Amino acid sequence: MTLTEEQKQSRRITANIFKGSLGNLIEWYDWYVYSAFAVYFSEEFFPKGDPTSQLLNTAAIFAVGFLMRPIGSLLMGQYADRRGRRAALTLSITVMAGGSLIIAVTPSYATIGVLSPLILVVARLLQGLSLGGEYGTSATYLSEMASSGRRGFYSSFQYVTLVAGQMVALGVQIILQLMLSEEAMISWGWRIPFVIGAMGALVVLWLRRSMDESEQFTKMGSESKKKAGTLQALMQYPKAVFTVVGLTLGGTVAFYTYTTYLQKFMVNTVGLDKKAVSWINFIALLIFALIQPLAGSLSDRIGRRPLLLSFGIFGTLLTVPLFLLMEGAHNSIVAFLLMLVGLIIITGYTSINAVVKAELFPTEIRALGVGFPYSLTVAIFGGTAEFVALWLKSIGIESLFYYYVSLCIFISLIAYWRMGESSKTSKIEAELKHGKS
């Protein structure tokens, strides 16, 4: 059977998006494994003491990793805009593999003392550098490779694979919990997922070397290439930069609250069994991942702004009630349903935030424009969400965190209300229409 040119093009797009997305999955798996297994290895890297204090220390290092993300997005974004999306994505996965391998082989605090948490910090800094570059470049690549009229659908796979990375991490955790005792998990079992992450990254490294470069990058004109990836060029779009910040603030706090902190909240505050919590998170995140393309496709029909507004309104109004109900949810099914409601609300942001940001910038600064302001916002607000929650719990006012999350979403709601419809003013579509990049 002979394929038409349209079918060949469709297969080419699908293959490239698969390769780009699979790398995104491994990157986020490596990132989330740290959080998923913190309840086990926190005792290994820090002196014996109160469980909340140990988790607070691991959360602090989790936040430190986020501090490298703006630097990673700046360096990798410039590299992607100057050297190509494929080259930057290949480099980012290599750095992530190194960070995971370091964590896997680092001796415990009992063996080498204070060097143990210091090495852990270095490894997380490397992973933060990698992930900072991954987001902006991946969002740019998926948005540019997608066909016109389907950008919302295809770019939604960034969060499908992002969440899938966390699901794989949870899946590995569930399997290890079934196979190993609690003592074995704490002693050495937690190292296994980091080894898996390093090996997976090497496989993705091989796949990414065979990806096609985006057509818009390859056709970028000589004048555009001269200013590609520079902060000077980026500063010519201040409104777009501040729009990215506004778009991201509430979304990143809500996302990390529901997908990262909630696991510890269910164990440490609600009092649910660790194994039950792993299953709750796995099933809820599976459903969350599956509805991303549906929401992305919907945005191709009705626009991006209605979905963002729905997240802003429901997130502002329902966050506090959901967490207050969760506090008393000693039943696993009730906890699961409450978590699922939160994730459905966040879908209005997660499914389309990548394409919205990509549509704001021209080709020569798209990776930098998407990644840098996003990573700055995530470092300040997303990366500290878990730490803020645990700190407020440690001083006895944990409920104040629920209002903090709601306030952050409300601030983003104001940005959503003031912004235009990005699909109608898309720089990607405008460049294609005028035959330039």
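This is a predicted model: local features need pLDDT of at least 70, side-chain atom pairs count only at pLDDT 80 or more; totals for chains, interfaces and linings use all residues.

How many helices and how many strands does the secondary structure of the protein come to? I get 21 helices and zero strands, with helices (H or I, at least four residues) and strands (E, at least two) taken as DSSP runs numbered from the N terminus. The radius of gyration is 21 Å, close to the 22 Å that the globule rule gives for 437 residues, so the protein is as compact as a globular protein of that length. That radius is taken over C-alpha atoms, and the rule is 2.2 Å times the number of residues to the power 0.38.

Residues are numbered from 1 along each chain as its sequence is written, and side-chain values use heavy atoms, with hydrogens and water left out.

**Overall numbers.** I find that 61% of the 437 residues count as buried (under 20% relative accessible area; exposed is over 50%, partly exposed in between, with a 1.4 Å probe and protein chains only). Of the contacts (heavy atoms within 4.5 Å) between residues at least 6 apart in sequence, 86% join residues at least 24 apart.

**Ser 73.** I looked this one up in helix H3, residues 51–83. Ser 73 is buried, at 1% relative accessibility. Its side chain reaches the backbone oxygen of Pro 70 at 2.8 Å. Beyond its neighbours within four places in sequence, Ser 73 is in contact with residues including Gly 132, Gly 133, Leu 368 and Phe 372.

**Ser 155.** This serine is in helix H7, residues 151–155. Is Ser 155 buried or exposed? Buried, because its relative accessible area is 2%. A polar atom of its side chain lies 2.6 Å from the backbone oxygen of Arg 151. Not counting residues up to four places away in sequence, Ser 155 touches Leu 142, Ser 143, Ala 354 and Val 355.

**Surface patch.** Next I checked the outside. Leu 324, Phe 387, Trp 391, Ile 395, Ile 397, Leu 400 and Tyr 403 form a nonpolar patch with about 670 Å² of accessible area together. Helices H19 (366–394) and H20 (400–418) each supply at least two of the patch residues. Ile 397 sits in the loop between H19 and H20, and I have it as partly exposed, because its relative accessible area is 39%. Patch rules, for the record: members have over 30% relative accessible area and no salt bridge, and nonpolar side chains (Val, Leu, Ile, Met, Phe, Trp, Tyr) are joined within 5 Å. A salt bridge here is a side-chain nitrogen of Lys or Arg within 4 Å of a carboxyl oxygen of Asp or Glu. Areas come from the Shrake-Rupley method with a 1.4 Å probe.

Definitions and conventions
A polar contact is a pair of N or O atoms within 3.5 Å; within protein, one must be able to donate a hydrogen and the other to accept it, and residues adjacent in sequence count only if both atoms are side-chain atoms. Patches are made of residues with over 30% relative accessible area and no salt bridge: like charges are joined within 9 Å, nonpolar side chains (Val, Leu, Ile, Met, Phe, Trp, Tyr) within 5 Å.
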